[in-house]
Amino acid sequence: MLIYTIRRLLISIPTLLFIAFVIFMLLELAPGDPMAQMPLTIPPEVKEKMRLALGLGEPWWVRFPLWLKQFFIVEPQYWIDNAFGTNFADGAQRIISFQSRSPVFEIIAERMPQTLWVVGMSYVVGVLIALPIGIISAYRQYSVFDQAGTFVSMIGFSVPPFFSGVLLIVIFSVQLKWLPSIYDTTHVVSDWDSFVFQLRQMVMPVMVLALQTTAQVSRYMRASMLDNLTQDYVRTARAKGMTESVVVLKHVLRNSMIPVVTVIALGIPAIFGGAIITEQIFKVNGLGQLLIIALQGNDIPMVMTITFLLAVLIVMMNLIADVLYGILDPRIRYD
Amino acid sequence: MTDATLNAVEKPRNQWWDVWAQFRTHKGAVAGLCFLIFITLFVTLGPVLWDVDPGKLNIRNKNVRPIYMGLFGGDAKVAWANPMGTDNLGRDIMANIMAGGRVSLAVGWTAMILAVFLGTLIGVLAGYFKRLDGLLMRFTDLVLALPLLPLLLVMMLLFRDPLRATFGPENGIFILIVTGIGITSWMQTARIVRGDVMALKEREFVLAARSIGTPARRMITRHLLPNVMSPIMVSATLGLATAIITESALSFLGLGFPSDFPTWGKILFDSVDRMTAFPERVIWPGLAISLTVLAVNYIGDGLRDALDPRIRGQ
Amino acid sequence: DAHEGERGRDGQLNIIYWQAPSILNPYLSGGTKDIEASSLIIEPLARYDQTGAMVPYLAEEIPTVGNGGVSEDLTTITWKLKEGLLWSDGTPVTSADVVFTAQYCMDPEGGCAQLSKFDGVETVEALDDLTVKVTFGAAQPNPYQPFMGGQSPIIQAAQFAECLGAKAPECTDANFGPIGTGPFVVTDFRTNDVIELVANDNYRDPSKPAFATVTFKGGGDATAAGRAVLETGEFDYAWNLQLAPDVIASMAEAGVGTPVSAFGTLVERLEMNMTDPSPSLEEGVRATAAAPHPFLSDEAVRRALSMAIDRDLLVEVGYGQAGRPTCNLVPGPEIYASTENTGCLVQDIEGANALLDDAGWVDSNGDGIREKDGVELRILYQTSTNAVRQDFQALIKEWWGEIGVETELRNIDSSVFFGGDPGSPDTFQRFYADVEMYANNFDGTDPQAYLGQYTCDKAPKPESQWQGENINRFCDPAYDALVAELGATADQAERSRIAIALNDMLTKDTMTIVPLVDRGRVSAHANSLAGVVLNTWDSELWNAADWYRVGDNR
Amino acid sequence: MPDGALPVLDVRDLKTVFKTRSGEVHAVNDVSFSLRPGELLGVVGESGSGKSVTMMSLLGLLPSPPADVRNGSVMFDDKDLLNVDAETLRKVRGGKIGFVFQDPMTSLNPVFTVGIQIMEPLRKHMSMSKKQAAVRSQELLELVGIPDAKRRLDDYPHQFSGGMRQRVMIAIALACDPQVLIADEPTTALDVTIQAQILELMKELRTKLGMAVIWITHDLGVIAGIADRVMVMYGGQVVEHAPVANLFNDPQHPYTRALLKTIPTIHGERAARLTVIEGQPPIMTAAPASCPFRDRCDVAFDRCENENPQRYDLGAGHDAACFYNARTGAPRDA
Amino acid sequence: MLDTPQTPLVSVRDLKMHFPIHAGLLRRRVGEVKAVDGVSFDVMEGETLGLVGESGCGKSTCGRAVLRLYDITSGEITIDGAEIGDTSQSKLRKMRPTMQMVFQDPQASLNPRMTVEAIIKEPLDEHTKLSEAEKREKVGELMDAVGLNRQFAKRYPQAFSGGQRQRIGIARALALNPKFIVCDEPIAALDVSIQAQVVNLLEDLQEQLGLTYLFISHDLSMVRHIATRVAVMYLGKIVELAPREELYAEPLHPYTKALLSAVPEPDPSLATSNERIVLQGDVPSPANPPEGCNFCTRCPSVMDICKTVEPEYFEVAPGRFTACHLYQNTNDTAD
Ligand SMILES: Nc1ncnc2c1ncn2[C@@H]1O[C@H](COP(=O)(O)OP(=O)(O)OP(=O)(O)O)[C@@H](O)[C@H]1O
Ligand SMILES: Nc1ncnc2c1ncn2[C@@H]1O[C@H](COP(=O)(O)OP(=O)(O)OP(=O)(O)O)[C@@H](O)[C@H]1O
Ligand SMILES: [Mg+2]
Ligand SMILES: [Mg+2]
Ligand code: NI
């Protein structure tokens, strides 16, 4: 298993480098210019100067290796320096955002808390809701619960978040005034009240995002449970005199979770990148919003870094999903 | 065995007929199919009966409410000429929903067909030819990791003018969006098909075909493809739904069709601002999207059951 | 006034900008959001007020020829700082800081976004601790460019000393938290997200600001920002609500906040392409002066297109109280506005049809489209992606249809459209379309540079990497001569006359530029927030120090 | 085996129907039999004859829907298992009646170790502590002849070969010292050599533990070696039932006779040509109103078309459901 | 029939089929499953050679390798005078008509999406230039030959019973008038009462068409019925090959003896009297076969030499081959 993991990691290095290259070339070919946000009143000569100041004068075969070096060497050095007070980096140039002129990684680090709170929590909540729905739907296949669950999860899947989000805001913020419509990213949870506030501001974005997760994961869970409920070992468990709860929640569930866990792992990158619209609507200003603003502003280093990190996440989650499969399913042994 | 007429070959028991028989027993799927047919007729034949130009402005007749708001003694501004009302520039909403639906459904279908085609092709090749497997699967990983937005921007830049020149402005952008959605959503299908093909390859009937001397091409078309139909069908229905939703998300991000080219997603998006004052404007497109997706998913469910010989056999 | 009292008495102020500031150093970013956010912290020597008049901030008074601050030959301007000014870190503000500011922006490697403010500046020198003299290379009829207005505030020499030239972008701490003289001090800056500020202890007026803390939130869209101020009351001030008037009106019905509007120089206009953008032409000729436009070069066509437009309706649909129909490129300040130019305000479809008929553009083949010598009136009409602009496109397409002109619409993502990427065919400068629509304005109150954009040499062309502000490639030697004359004239009345003449040459005389709407700015503030004076000539937050809380909604 | 001993298990008129979309499938029709303490009852019949369904109906192991146990009684321990509450039934399953299924590859849960799966019924039915259960499961594994039992408790099913998995299944079934063991084709999926191992093991265990066993198979050879009595099923019914020697030496039902003839042997005369039973087994879409074997029967006559024969007692614990009396060579009286 | 001098139709010499096992960081080939490891035999024209052995001993692999459905590791295969051991797959395609196969699982070996007619017609499509009508006629004849009702030509395989399905498979194999058919456990998945039908059919066809069979089975009693000679395989090797009567009457190799004694006897009197040889343990893994004689781990009469030296496969008596040290010695001394 360890060797398998290492091998996969080794293979993923060229894959990731290639992905980095493709992303870079995509951004290179894409129209747009970091100066786009500048007012029209700034004369072209000045814009040209600013462009040069951003390093855009260099050709791509200089900038791409530079980015690679900054990403893989300089940034870790800074990280080590920060942690241990060493000085490996020695003032080397970090990856700097065109828009804010600050190190991309610091901005990303700044965005992590709200991303994790909202996006991460929504995933957890979504999965936690989805699992029981999936289990019950499968166990009582074609029951009213199953039908209703299917219906609701499909509606959840099909309503675009730019609509459901605004709908929630209109109902809960504008009409009822229960919940804030704008997420406060600076809020610090220090006591019960601030925790309650955090919960209140999280409810709506988490719900909008969780709806999508729930819809998909519960479908998978249901299908997987249905597959396993008809297996022979279920009959064996019953013949051993196990109670229904043991049969379903121990024997069947454990087997059904194997594919679902990997589906859940594979869904994580998608939710990080896919929360853009929801973040925008609730002003959560997490990674998704960072990416879209960077895209709109043609902030190439930022877009490059975030998309590459997402790619790393995707590749890693693929690997984790496979390894998890191996761990959960004793029949599978990678060597 | 009755041997009444020995030489008359029995009428073929078409398996699609079996599939249909099984499909019919799934109530949700039948309802879904009915709705899908209805909505397709609505958007295709509808404009023939309701020949109002969706782009026709009538600014003096703006913000007409749907007809039902006037029926029950309300004093809302209604007009029989605009049964679903008009928007803030006086365009007829019903005509727009029809026109938008045509685009949305067309985008959904074509993007889905493209994605399913690509996914099947790559999945079958990767699953059947061991040599191509590693390469194609890495390629799939790569595309999975690509960000959709910059990709679409690049495509817009590189291909918009040539496409516009060849196909006209609307078809050009249609092709672009459909291709964009299509080439970024085939990966799941490819993986499933690959897995299934690899499993099928081990099945004895494939070996049997090999012992007969069937070449690879016919092996794929005759033996493998028909047997991966059911996962393909299921990803197709999911793909149709996702494509419709993706198109609406693209509208949100400003990457969609030109402004005078309505789609359900765009109508919905444009109306969100006036949601409280004119709820009908979000309800119509929202309902159209949701019900279509729902219908398609139910059809997918039904098809999955119907195409599964284990279930169908009973 | 009931709002006197000690500093910080009114607690918390919440401001929302739907574009999030990414940096607080206006010299490194020209973005309005960044400039306005930084105006809470750093200040220029003087600002424009809501009428466009200059008011001293850090300066003792506005230097003029009259008070001797500006030399007779218009080559120097001498500023005097107020006495006893302190930076928020407690150190005194001196003329050295002003000199440093100039040095910082004028460094050739720094990529300063406000470099044009220092155009023609020869030297900036400190005469004493509080006096700064700016010397220009040539007579400068408008010497109030450097250190004036939100784009050109004074930064602290001590803080930015290490950040000159190429190092400028790397000084993240300074760029994210400049030390300033303004009413507030940054405590936490999150790029593209939120800024937390507290009142500046060293602010020059001990009773200001009234608010102890400020949260400046960015991001989202105009609807959400409007909703947060006008409907839910979560925020006190929302910037630039680019929304349809009926949407704003329905939000305002909630009674929590009030929309406010004011007019500046921003004009939504149609630019007529004087060159041929046809893709059939080879690159290098396409959309350059070498290929005149097949039909837009005919003045009658341009005029007819303008006549067909109902500007009142455009305003009603798109801007409501925040817009007014205009035929002028320079709608203000008053002294520069061409009051005679009102001919376009009334829609005249028949007149337009007649004009085209007379000019020989007739629909001879019965397809509904006019043509002449085989050239059909088919227009590709592009603009950036934006709901109101798309409504405009739809309306105008309709009207042009009525005069036998067929229109194809195209909208382009604004980051691309305004992106200036020489490689992109979609920029407004490349102008690979027949007509395009956008809005532009000028900084401050003087239109000289703005009108100077339409000289022949400023046309974007391949040789100049498609850079240049003369978007529609208008070229008239008489115009160029008049622009030169304006540059050499100091007398206000004479300047006004010339500017109006230039404006008319571009608009009513040639219809090269077809102005549509003089766009005001709509912002909104909570009913409990008082002291807001909407200013379109400078940062909207120019007088945030004077804002205070009324009513019980604290 | 004393004939008069009270049966441990007594099944009367069991009838099980599956409701499918294309109508009802009458899988088990009025099956009656009893099992005496310590005896081994063999059940044979071709695929689809209702062997498994009968046994699973006893313990309510069929998924319902589609299965529906229509009527009959299953007396065990003075209780009718068809009419007891879920809790009692649960205690009987695994506790007093053990079950071994046909396919050892799929009948064990792949994600739990063998130890956990053996310990489960011990802890449930015998309320053992973890430790006791572990000790007992080790004993059980040793009992069924798995070497190195202690270590193998922590192995997963896939780490065992097919034969060993079947031993594990047997160990699980034996865990709580059941009075009855039902083995549903426990060796069909195995090789002959492994089958021989399991059969040896079974004989040994039976002498050691003295429980009653129902052994389902379609291999007459297996039955011949181990059974005391044999029940032949066809079309969801018991067609013949006899002590093992009687059945092989004096088969009464035409189906049994045909079955015995079709099987080639490795000893004795090699037949030039195999005897076949022409035709197909019946599809039981309705309760049988005629003899299910009539279409394939070589002695069928009119009555077989119109009436379903009851089980005629032929003495010495032998009965057969046929209107044709093989001993006399003539039809029975109506 | 046995007395007439016979020519081998199929001759296999030292056939090896090793499946590679890949492992390690770089997926190096670390070993092989020696599924078939040096097998030699002849199949005479018109005879049926039975191939028996336990599950996993390489019977199917052997059968498939002989028809070159696998790319074999080494060895020579001559069928009807043509050496096909190293012929390319594309050339082999032309030779396929002489050699055909009937598969174990009649359900799995028929494509569920093709009609019976299409299935039987497929070889005709691939190898003949007949017109549609001729092909249909030929399909009809084949269906008659295997006892299927022509009426059912347009049905799908699911609509048939197991025995009928196996007939379809046989009809497909017969379509191109082959000389040699490998029957890979054609009756294993069938009910006892149906098995006899299929075996009788195979025998009839052999008589009518002069076919040659390699009949793979683990049912020793059925092999006794159908085969003229029998080969016993254990762990990739043939341990004994002998004419049917001799083998069953007097097995030589200890494995053959054990195998025969394990066959249950459907006669209670014999069943109880017969002393069984019960082999202990399981078949070792073909990836890691024991040193010396493959059978030494389970052999009741194992000797020291068995654990080190691999016994040679040789002719003990005319027509009787075995690979066992027990006979090697006697043979050596007798020499
Ligand atoms: N879930 C089910 N739904 C419908 N019919 C069923 C179901 N399970 C079994 N049957 C039917 O019940 C009948 C008896 O099946 P059963 O499994 O008892 O046969 P068996 O004698 O055990 O055969 P085998 O030797 O193949 O195990 C068959 O005709 C089968 O088709
Ligand atoms: N494609 C393959 N790759 C790797 N190993 C294989 C492959 N095919 C077969 N084997 C291995 O080769 C050995 C022999 O397999 P084979 O299928 O020939 O056995 P068999 O005698 O036909 O068994 P059965 O009676 O179960 O059909 C087995 O250990 C099997 O695991
Ligand atoms: Mg069974
Ligand atoms: Mg095999
Ligand atoms: Ni999916």
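Me: A salt bridge is a side-chain nitrogen of Lys or Arg within 4 Å of a carboxyl oxygen of Asp or Glu. In this predicted model, how many salt bridges does the rule find across the interface of chain D and chain A?

Reply: Glu120(D) and Lys240(A) form a salt bridge, with their closest N and O atoms 3.0 Å apart. That separation meets the criterion because the cut-off is 4 Å. Across the interface of chain D and chain A, the number of salt bridges found is 2.

Me: Which element of chain D gives the largest share of the side that touches chain A?

Reply: The rule also finds 14 residue pairs in polar contact across this interface, both residues being at pLDDT 80 or more. On the side of chain D that touches chain A, two or more residues come from each of strand 6 (97–100), helix 3 (104–107), helix 4 (114–125) and helix 7 (162–174). The largest share, 6 residues, belongs to helix 4 of chain D.

Me: What area is buried between chain D and chain A?

Reply: The contact involves 26 residues of chain D and 19 residues of chain A. Carbon and sulfur atoms give 61% of the buried area, which is about 2200 Å².

Me: What percentage of the area that ligand 2 exposes when taken alone does the protein bury?

Reply: A polar side-chain atom of Ser55(E) lies 2.6 Å from an oxygen atom of ligand 2. Backbone N or O atoms also approach ligand oxygen atoms, at 2.7 Å for Gly56(E) and at 2.8 Å for Lys59(E). Taken alone, ligand 2 exposes 640 Å², and the part of this that the protein buries is 66%.

Key:
Residues numbered from 1 in each chain as written. Chains lettered and ligands numbered in written order. Predicted model: local features only at pLDDT ≥ 70, side-chain atom pairs only at ≥ 80, totals over all residues. Heavy atoms only, no water. Polar contact = N/O pair within 3.5 Å; in protein donor to acceptor, adjacent residues only side chain to side chain. Areas by Shrake-Rupley, 256 points an atom, 1.4 Å probe, with all protein chains shown as cover. Contact = heavy atoms within 4.5 Å. Buried area = accessible area lost by both parts, 1.4 Å probe. Helix = DSSP H or I, 4+ residues; strand = E, 2+ residues; numbered from the N terminus.
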